[in-house]
Amino acid sequence: MKGTILDYSIQDNKGAITTENGERYYFSGAEWKSEPSPQKGMAVDFEAGDDKVASMVYIDVKQPKKSNANSFIKKDIEHIEIDYNAESHYTIADWAKKAIKSYSNFDGRARRKEYWSFILVFSIIYVMAMIIDNIIKVDIFQFVAVLAGIIPSIAITIRRLHDINLSGWLTLIAIVPLVGTVFSIVIGSIDTNREENEWGMPAKII
């Protein structure tokens with residue numbers, strides 16, 4: 001089936017395709033089978049699933065010549081630069097907010113700033129909850145804080161592993177007492193792998 005990329009997020013490593021009859025399909029970066037990276041407005045050919053999930057997504061070789069691969073490479077680079085310029089002004093709160101918003105994203109990549117900002121903000125929230133519980137003599141706020149932070153913590157750890165080109169399954173190491181603490185510090189210290197991998201483009205470009 002043929003269509004046009006409606007949108008694609010580098011961070012989430014996910015995109016949407018619209019067809020001529022207005023149907024919308026969604027795809028992950030793992031299903032992208034062409035070079036360069038997917039870009040909004042790019043004509044594509046793909047296999048449509050019954051659940052509106054697109055697979056085996058390729059650039060449509062019959063798209064207009066003015067929209068050749070070189071032009072998309074240039075647009076792709078410009079898009080990454082725009083994203084980076086916006087993120088260069090992020091505060092710790094902005095990075096933490098981004099991590100929290102991506103709580104259900106287990107496929108993308110996350111740079112060190114996003115990872116450490118989330119850990120810092122979550123630690124502050126937990127300490128505040130602990131102080132309140134000590135004052136009111138009830139452990140409810142600590143429980144709520146831990147419960148609310150479990151999924152975002154797993155997601156950000158998996159994306160951090162992806163950004164250094166490691167499998168997200170290594171997140172299981174984080175639950176091991178003491179070893180998990182050392183593991184978290186180590187993966188938070190390694191810089192972004194600057195190559196595109198199966199989880200998308202690098203979370204940091206310079």
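## Close-up views of a predicted model

**Figure 1. Overall fold of the chain.** Read along the sequence, the elements run β-β-β-β-β-α-α-α-α-α. The model is predicted. Five helices and five strands make up the secondary structure of the chain. The chain has 206 residues, and 37% of them are buried. Take the contacts between residues at least 6 apart in sequence: 60% of these join residues at least 24 apart. The accessible surface is about 12100 Å². Carbon and sulfur atoms account for 63% of that surface.

**Figure 2. Methionine 1 and its contacts.** Methionine 1 sits in the segment before β1 (2–9). Its relative accessible area is 42%, so methionine 1 is partly exposed, between the 20% and 50% cut-offs. Leaving aside residues up to four places away in sequence, methionine 1 touches Thr19, Tyr25, Val44, Asp45, Phe46 and Ala48. Alanine 54 is 53 residues apart from methionine 1 along the chain. The C-alpha atoms of this pair are separated by 9.4 Å.

**Figure 3. The packing of α2 with α3.** Two packed helices are described by the angle between their axes and the distance between the axes. Helix α2 covers residues 92–101, and helix α3 covers residues 112–136. Their axes are 8 Å apart, at an angle of about 95 degrees. That angle makes α2 roughly perpendicular to α3. From α2, the contact takes in Ile92, Trp95, Ala96, Lys98, Ala99 and Ile100. From α3 come Lys113, Glu114, Ser117, Phe118, Leu120 and Val121. By class, the residues of the contact of α2 with α3 are eight nonpolar, one polar and three charged.

**Figure 4. The packing of α3 with α4.** The axes of α3 and α4 come within 9 Å. They cross at roughly 170 degrees. The two helices are therefore roughly antiparallel. On the α3 side, the contact residues include Arg112, Tyr115, Phe118, Phe122, Tyr126, Met130 and Ile136. On the α4 side, they include Ile140, Phe141, Ala145, Val146, Gly149, Pro152 and Ile156. Charged residues also take part, among them Glu114 and Asp133 of α3 and Arg159 and Arg160 of α4. The contact of α3 with α4 has 14 nonpolar, four polar and five charged residues.

**Figure 5. Threonine 171 in the loop between α4 and α5.** Threonine 171 is placed in the loop between α4 (140–163) and α5 (179–187). Its relative accessible area is 11%, so threonine 171 is buried, under the 20% cut-off. The side chain of threonine 171 reaches the backbone oxygen of glycine 168 at 2.7 Å. Not counting residues up to four places away in sequence, threonine 171 touches Ile154, Thr157, Ile158, Leu161 and Phe183.

Figure 6. Most residues other than glycine have a negative phi. Lysine 137 has a positive phi, near 60 degrees. Lysine 137 belongs to the loop between α3 and α4. Its relative accessibility is 71%, so lysine 137 counts as exposed. Leucine 178 is not a glycine, yet its phi is positive at about 65 degrees. The loop between α4 and α5 holds leucine 178. With a relative accessibility of 71%, leucine 178 counts as exposed.

Notes. Residues numbered from 1 in each chain as written. Predicted model: local features only at pLDDT ≥ 70, side-chain atom pairs only at ≥ 80, totals over all residues. Heavy atoms only, no water. Helix = DSSP H or I, 4+ residues; strand = E, 2+ residues; numbered from the N terminus. Buried < 20%, exposed > 50% of the residue type's maximum accessible area, 1.4 Å probe, protein only. Contact = heavy atoms within 4.5 Å. Areas by Shrake-Rupley, 256 points an atom, 1.4 Å probe, with all protein chains shown as cover. Polar contact = N/O pair within 3.5 Å; in protein donor to acceptor, adjacent residues only side chain to side chain. Axes fitted to C-alpha atoms, helices over the stretch in contact; angles between N-to-C directions. Parallel < 35°, antiparallel > 145°, perpendicular 65-115°, else oblique.
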